[in-house]
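I set down here what I looked up in this structure, entry by entry.

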Amino acid sequence: MSSSDTTQSSSGSSTSWLGRFFLKSAIFVAGLGVCGALLVSLALALAWPNLPDLGAMIDYRPRVPLRIYTADKVLIGEFGEERRNVLRFHEIPDVMKLAILSAEDDRFYQHGGIDWTGVARASIANLTHMAKTQGASTITMQVARNFYLSSEKTYTRKFYELLLTFKIEATLSKDQILDLYMNQIYLGHRSYGFAAASRTYFGKPLGEITLAEAAMLAGIPKAPSRFNPIANYERARSRQMYVLGRMKSLGYITDTEYQEAVDQPIVLKSALGTPAGGYAIHGDYVAELARQLLYGVYQDNIYSRGFNVYTTVQSVDQEAAYQAVHNGILAYTRRARYPGPEETLNLPAGIENTAAQLDALLDGLQEKYPDRDDMLTAVVLDASPTKVTVARTANEIIDITDKSALRVIARALVPKADAKVKIQRGSVVYIHRNGEAWEILNMPAVQAAFVSLRSQDGAIQALVGGFQFVEGKFNRATQAWRQPGSAFKPFIYASALERGLTPATQISDEPFVLTAAQTGSKAWAPKNYGSTYEPMLTMRQGLYKSKNMVSIRIMQAVGPKYVQDYITRFGFDRERQPAVLPLALGAGSVTPLQLASGFSVFANGGYRVPPYLIDHVTDSDGKVIMQSRPTVAGDAAARAIDPRTAYVMNDMMRGVATSGTGARASRELKRNDLAGKTGTTNESVDAWFAGFTPKLVGVAWMGFDQPRSLGSGETGGGVSLPIWLDYMRVALKDQPQTPLGPMPDGLSKIDGDYYFAEFPPGQAIARVGLPSPFDPILDGSSEPDGIGDLLNQLSHDSGNQSNNRVPF
C-alpha cells in the first residue's frame with residue numbers, strides 16, 4: 001500500500017469519526033430539546049389550569065376604603081389601608097399615560113406582555129456592571145404581580161408571573177391593562193393609583209396636573225416609599241428628570257415643553273380628605289361613631305368595599321360645634337391656675353445662634369410633645385414678667401408680650417415661683433394664637449362635649465366628644481355617664497304637671513333635712529346654690545331660679561317611684577335613675593346625647609324620637625344599600641307625654657332662657673323662642689346647659705374625665721352656656737323665630753298661668769310643703785325609701801368612663 005493510500009484512508013477515517021460525533025451530538029441536542037419541550041409542555045399543562053381566574057380584572061372591584069360624609073357631602077373620615085380614587089381610562093389625562101409609558105414600559109403597545117428587547121438590554125447592562133442595574137418588568141407583568149402574586153424572589157413565582165402575563169395579554173386589551181395599572185399601583189403614603197397620589201402630593205384632581213407633576217408621579221412606582229416627594233424630594237426630583245428626559249427622547253414632548261417642565265416649581269400640597277392633608281372640618285368623633293355603627297352590621301367587610309356613609313350632620317354646624325367646644329375649653333383653661341411647663345431642659349448657651357442644633361433639639365421635642373391642632377410646642381429662650389421669648393424653629397422666634405396672655409401665666413414668671421411651675425429658659429411649653437396675640441397655655445386637662453339634634457326626627461346635626469380626638473377615641477357625648485344636676489329638673493317638673501301641680505303652685509323653699517333614722521344611713525341636708533333660701537316660691541319661680549329645695553319637695557309630693565317610671569318616657573335608663581329624692585337634684589346619670597334626646601320631647605310637642613346619625617349608605621357604584629327610617633314627631637305611636645305638659649314646660653323653660661339662670665341665651669341671641677336649663681352638680685363637678693328651639697336641641701357639658709371640682713364659682717351658666725351660645729349663633733343664623741303656638745285642647749290660661757282641664761283652680765295642688773289643711777295632697781308623697789343607699793354613693797361614681805356603650 002502506498003503512502004498516499006495510507007493518507008487517504010486515515011483522512012477518511014477521521015472524517016467519518018467527526019461525522020458520527022456531530023450526528024450523535026445533534027441527536028443528543030435534539031433529544032434534550034424534545035425533553036425540554038416535553039418538560040415545558042408538562043409544566044404548562046400542570047401550571048396553566050392553576051393560574052388565577054381573571055374575573056377580578058375583568059370585573060375590577062378595587063379595595064376602596066370606607067368614607068364618611070356629612071349630609072352636605074363633605075368628607076370627614078376615611079377608614080381602610082388603601083386610599084384610592086378610581087378613574088376610567090378615558091378620564092386619565094394623556095400626559096399621565098405618556099409619562100408612565102416613558103418611565104415603565106415605552107414598548108407597551110408593541111410587545112405581547114414580555115419585552116424581549118428590554119430583556120436583552122437589561123441583561124447586557126447587568127452583565128456590564130456585574131450587578132442588577134436595570135429591570136425588564138413590563139406593565140403587564142407588574143399588573144400580574146400586583147393582582148395575584150407575592151413579591152417573593154423565586155423561580156417558581158417568576159414562572160407563574162410569565163404565564164399569567166401571557167394570559168392577561170390574551171384576555172384583556174392594552175387599554176384595559178393600562179387602566180388597571182394606573183388605578184392599582186401603590187404610590188406611597190397609603191395612596192393607590194395615580195388619582196389618589198395626585199391628591200396626596202399636589203392637592204388636586206389628576207385631570208389638573210401639569211407635565212412636570214405627571215413626570216414626578218410617574219417616577220414613584222420604582223420605589224414608592226423612597227421616591228415619593230414627601231419622603232424624599234431630592235430623589236423624587238431626580239426621577240422626575242429621568243422621566244422627562246425619556247419623554248423627550250421618545251418624542252412625546254418637545255424641547256420647549258421639556259424645558260418648561262424642568263423649570264416649573266413643584267408645590268407639595270396634600271388635599272383635604274387625604275391622610276397627609278386632613279379634612280375640611282373637624283368631624284372625627286362623628287366619623288368614628290358612624291364607623292362603629294356600620295361595623296356592627298358588616299364587621300371587617302366595611303374597610304374595602306367602597307361604602308359611602310352619609311350622616312345627618314351638617315358641615316357648617318359641625319365645625320361651629322367643634323370651635324365652640326374648643327374655645328370653651330381654652331377659656332376655662334385660661335381661668336384655671338397655670339400648672340407649669342411640660343418640662344424644663346438645660347438649654348446650652350447660645351444654641352439659638354446655631355440653627356441646625358436648635359432645630360435638631362426642637363425636632364426631638366416634637367416626638368415627645370407633638371403639636372396638637374392649634375396647640376404648638378415651643379421652647380423658652382428667655383422669660384420675664386413682661387416678655388417671654390420662645391422658639392418654634394430656628395427661623396420662627398416669637399415674643400409673647402400681650403398683657404392678657406401674660407396674666408394667665410403670671411404665677412410662673414415671678415422670681416420665687418415654685419420650680420415645677422416656673423417658666424424659664426429651657427422650659428417646654430405649648431403656645432396658642434388667640435386672635436392677633438400669642439399666649440402660653442397648658443394642654444387642657446378639662447374636657448367638654450356638645451351634641452345637637454333636630455327635634456322633629458332626632459337627626460344629629462353636630463357632635464363633638466372632647467377637646468381633641470387624637471388624645472383618644474372616648475366620645476364623651478355618647479359614652480360619658482355623668483350626673484346632670486339641675487339640668488334634670490324639667491323632667492321632675494313635667495311629672496308634677498301630670499299629677500296636679502301647676503306653674504302657680506306655691507312650694508316651700510325652706511331648708512330640707514332628712515335624719516339618719518329617716519334615710520337608714522346618714523343624715524341628708526341638701527342646700528340651695530349659694531345657701532340662699534326664701535319662704536315660698538311658685539313652681540315657675542323655682543325653675544327660673546333653679547332652687548333645689550323646690551325640686552326636692554316637688555318630687556316628694558309626686559312620689560319618687562312615679563317619677564322614676566315617668567322619666568323613662570323620655571328615653572332615660574331606669575337603672576341609672578334611682579327612685580330616691582336626690583334624683584330631684586340630678587343625682588342619676590345620663591350622657592349628653594341622652595339628655596339632648598330627652599329635651600327633644602319637650603321641643604317637638606311630646607314625642608319620643610330616638611336620635612340617629614346615619615341617613616343612608618351607598619356602595620362603590622353609588623347604589624343605596626341602607627336608608628334610615630326615623631321616627632317622626634306627630635306619629636301617634638311615638639307619643640311620650642301629654643301635649644299639654646310639653647306646652648307648659650316649653651313656656652316655663654322659655655322663661656328660664658329669658659329671665660332665669662339661662663337669661664344670657666335670649667339676651668345674646670336676641671330671640672324669644674329659646675328655652676333651656678342650666679345644670680351644676682355638687683362642688684361644680686359637672687356643668688351643663690341644655691337648650692332648644694322648637695326645631696333644634698343642643699346640650700353642652702364640661703367636666704374632668706376623672707370627676708373633680710371645676711372650681712369655686714364655675715357653673716353651667718358660666719362654662720357650658722357659652723359653648724351652647726357659640727354654636728347656636730351659627731346654627732340659628734337667618735332662621736326665623738318660632739312662636740309657642742296655640743294651646744292644646746284641655747289646657748287653659750287663667751290669671752296668667754296654665755291649668756289642665758282635670759286640675760282647674762280649686763282642684764289643682766295649690767301648695768307643697770306649706771301648711772294648709774284644705775289643700776289636696778298626693779298619696780305616698782314623703783317616701784324616702786332607699787335614699788341611704790344612694791347617699792353612700794354620692795362621690796360622683798357616674799362619671800366613671802368604664803362603660804363605653806354607644807346608647808343607640
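I located Lys 73 in the loop between strand S1 (66-69) and strand S2 (75-79); helices (H or I, at least four residues) and strands (E, at least two) are DSSP runs, numbered from the N terminus. I read a positive phi of about 65° for Lys 73, although it is not a glycine. Lys 73 has a relative accessible area of 59% and is therefore exposed (buried means under 20% relative accessible area, exposed over 50%, partly exposed in between, with a 1.4 Å probe and protein chains only).

The model is predicted: local features need pLDDT of at least 70, side-chain atom pairs count only at pLDDT 80 or more, and totals for chains, interfaces and linings use all residues. Residues are numbered from 1 along each chain as its sequence is written, and side-chain values use heavy atoms, with hydrogens and water left out.

I then turned to Ser 684, which lies in the loop between strand S16 (675-680) and strand S17 (686-692). Its phi is near 55°, a positive value in a residue other than glycine. Is Ser 684 buried or exposed? Ser 684 is buried, because its relative accessible area is 8%.

Next I checked confidence (pLDDT is the predictor's confidence in each residue, from 0 to 100). The protein chain has a mean pLDDT of 85, and 82% of its residues reach 70 or more. Residues 129-134 have pLDDT below 50, and I noted eight contacts for this stretch beyond near neighbours in sequence (contact means heavy atoms within 4.5 Å). Residues 779-808 also have pLDDT below 50, with 69 contacts beyond near neighbours in sequence.

I looked up His 432 in strand S8 (residues 427-434). His 432 counts as buried because its relative accessibility is 5%. Leaving out residues up to four places away in sequence, His 432 touches residues including Arg 334, Asp 374, Trp 438 and Glu 439.

For the nonpolar cores, I used sets of buried Ala, Val, Leu, Ile, Met, Phe, Trp, Tyr and Cys residues joined through side-chain atoms within 4.5 Å. The largest nonpolar core has 87 residues, of which Ile 554, Leu 595 and Phe 602 touch the most other members. Apart from that core lies another of 69 residues, among them Val 388, Ile 431, Leu 441 and Met 443.

Last, I examined Val 143 in helix H5 (residues 139-148). Val 143 is buried, because its relative accessible area is 2%. The C-alpha atoms of Val 143 and Ile 177 are separated by 7.4 Å, with the two residues 34 apart along the chain.
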